[in-house]
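Me: I am new to reading protein models. Could you take me through one, feature by feature?

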Amino acid sequence: MDSTDIDFINPTGFKIDFAGLVEFERGLDPIHPERSAVPCRVLGFGEISTVFEIHAATFDGLAFKRISIFETREELSKYLLTYQEYNRLLEQDIGVHLPRHGHAAFINQSGRPVFYIIQSKLPVPAIGNKAMNLLPREDAVILFECVLHELYKVWIFNQRQADCQVGIDGQVSNWVINQFDPIQPRVEPGVQLSYVDTSTPFIRYHGVEQMEPELFLRSAPSFLAWILRWLFLKDVVARYYDFRLVVIDLLANCCKEQMPELIPDLLVMVNNFFAAQARSLNLEPIEAKEVLSYYREDALIWSLYLSMRRVDRFLHHFILFRPYPYILPGRIKR
Ligand SMILES: Nc1ncnc2c1ncn2[C@@H]1O[C@H](COP(=O)(O)OP(=O)(O)O)[C@@H](O)[C@H]1O
Ligand SMILES: [Mg+2]
């Protein structure tokens with residue numbers, strides 16, 4: 001690796017041990033990340049990213065989201081521009097709070113461009129899906145109401161734009177409660193939430209997706225790419241631009257978190273919000289059966305998809321004899 005290949009460090013307010021990060025990447029074991037040369041723990045798995053805590057003194061208090069979907073530097077540079085624009089839009093124009101963040105990008109030992117989003121590591125119990133399990137029922141409803149207000153900011157912004165549309169993944173696991181006390185877990189209306197899931201920048205200018213749509217499919221098994229190209233880009237990406245679907249997706253998280261009993265109260269809260277504050281968006285009320293059927297379909301699609309990715313990994317290792325570059329989650333309880 002030539003040092004001129006090392007690029008794009010932008011720690012905005014962080015002092016990053018860049019050599020240490022390159023070292024971490026070099027010793028990373030994508031099949032068993034916990035066996036990597038530099039010790040680490042996976043905090044979360046995504047479609048395109050894996051979130052790590054790296055156990056080295058210089059990385060204390062930081063979360064690293066590793067994205068390795070890029071094949072060329074140009075692809076990464078282009079993505080980076082969209083990523084930065086997304087952060088700017090959310091923080092400055094829309095008013096969604098993000099954790100302190102920076103990034104680093106370089107070409108790794110296999111010649112592959114890798115991108116790390118670096119954020120302050122936020123406390124696990126304060127992450128929405130963890131917090132909702134700790135909170136009294138009324139407060140869990142307040143948490144969802146606060147998320148709804150944050151999401152609504154995006155659609156107020158979109159309503160004012162002639163040529164730009166912003167999408168967002170509203171899932172409860174993407175929001176972190178500031179100043180959350182896990183010993184006495186409470187949430188007050190208007191509490192500040194931070195949005196962590198910035199790795200997929202959903203921006204459309206004049207209806208054109210700014211993140212290269214092929215990148216969404218990069219980690220998909222190649223034998224599925226043709227059908228996904230047709231299905232996925234049309235429906236899966238479009239739903240992040242549709243307020244009502246983003247809210248249904250958020251409500252379906254109650255099923256994923258094994259708390260479906262919250263849904264009736266949440267539906268009252270959401271439908272009141274649609275009829276009052278969000279009246280100008282003209283949204284049909286949401287019904288419980290829509291949330292349940294959405295959840296069933298979504299859970300099925302993602303579990304099938306993950307199985308196919310495991311098959312693809314197997315093919316890489318044992319048939320193609322090529323390294324499989326992505327990190328896959330273990331079994332997910334739903
Ligand atoms: N800054 C952070 N601090 C602590 N945990 C985080 C942070 N960012 C993400 N996580 C954990 O990792 C999970 C996945 O991260 P996220 O950014 O939502 O990516 P994706 O959903 O695309 O995997 C989050 O739900 C959260 O549990
Ligand atoms: Mg997420």
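The dialogue below goes from strands to helices, then to a ligand and some loops.

Reply: Start with the ground rules. This is a predicted model, where local features need pLDDT of at least 70, side-chain atom pairs count only at pLDDT 80 or more, and totals for chains, interfaces and linings use all residues. Residues are numbered from 1 along each chain as its sequence is written, while chains are lettered from A and ligands numbered from 1 in the order in which they are written.

Me: What counts as a helix or a strand, and when do two strands pair?

Reply: Both are DSSP runs, numbered from the N terminus: helices are H or I with at least four residues, strands are E with at least two. Two strands pair if DSSP finds at least two bridges between them. Take β5 (residues 101-107) and β6: they run antiparallel and are joined by 7 bridges. His 103 has Ile 117 of β6 as its bridge partner. Phe 106 is partnered by Val 114 in β6.

Me: Which other strand pairs with β6?

Reply: β4 does, in the antiparallel sense, over 6 bridges. Here Phe 64 has Ile 118 of β6 as its bridge partner.

Me: How many residues of β5 and β6 are buried?

Reply: First the cut-offs. A residue is buried if 20 or more other C-beta atoms lie within 10 Å of its own, exposed if 12 or fewer, and partly exposed in between; the C-beta atoms are placed from the backbone. In β6 (residues 113-120), 7 of the 8 residues are buried. In β5, 6 of the 7 are buried. Both strands are mostly covered.

Me: In what order do β7, β10 and β11 lie in their sheet?

Reply: The order is β7-β10-β11, an open sheet of 3 strands with antiparallel pairing. β7 (164-166) and β11 (208-209) are the edge strands, each pairing on one side only. Strand β10 (residues 203-205) is joined to β11 by 2 bridges. Across that pair, Arg 204 stands opposite Glu 209. Helix α2 (residues 73-94) packs on this sheet, touching β7 and β10, and its direction makes about 95° with that of β10. Axes are lines fitted to C-alpha atoms, for helices over the stretch in contact, and angles run from 0 to 180 degrees between N-to-C directions. Contact means that two C-beta atoms, placed from the backbone, lie within 7 Å.

Me: What surrounds ligand 1?

Reply: A shell of 18 residues, and the closest are Gly 44, Gly 46, Ala 63, Ser 173 and Asp 197. A residue is near a molecule if its C-beta atom, placed from the backbone, lies within 6 Å of it. β2 (40-45), β3 (49-54) and β4 (62-67) each supply at least two shell residues. β2 gives the most, with 3.

Me: Where is Leu 28, and is it buried or exposed?

Reply: Leu 28 lies in the loop between α1 (18-26) and β2. Leu 28 is buried, because 22 other C-beta atoms lie within 10 Å. Beyond its neighbours within four places in sequence, Leu 28 is in contact with Pro 33 and Ser 36.

Me: What about phi in the other loops?

Reply: Most residues other than glycine have a negative phi. Gln 258 is not a glycine, yet its phi is positive, near 55°. Gln 258 lies in the loop between α7 and α8. Gln 258 counts as exposed, because it has 10 C-beta neighbours inside 10 Å. Asn 282 has a positive phi too, about 55°, and lies in the loop between α8 and α9.
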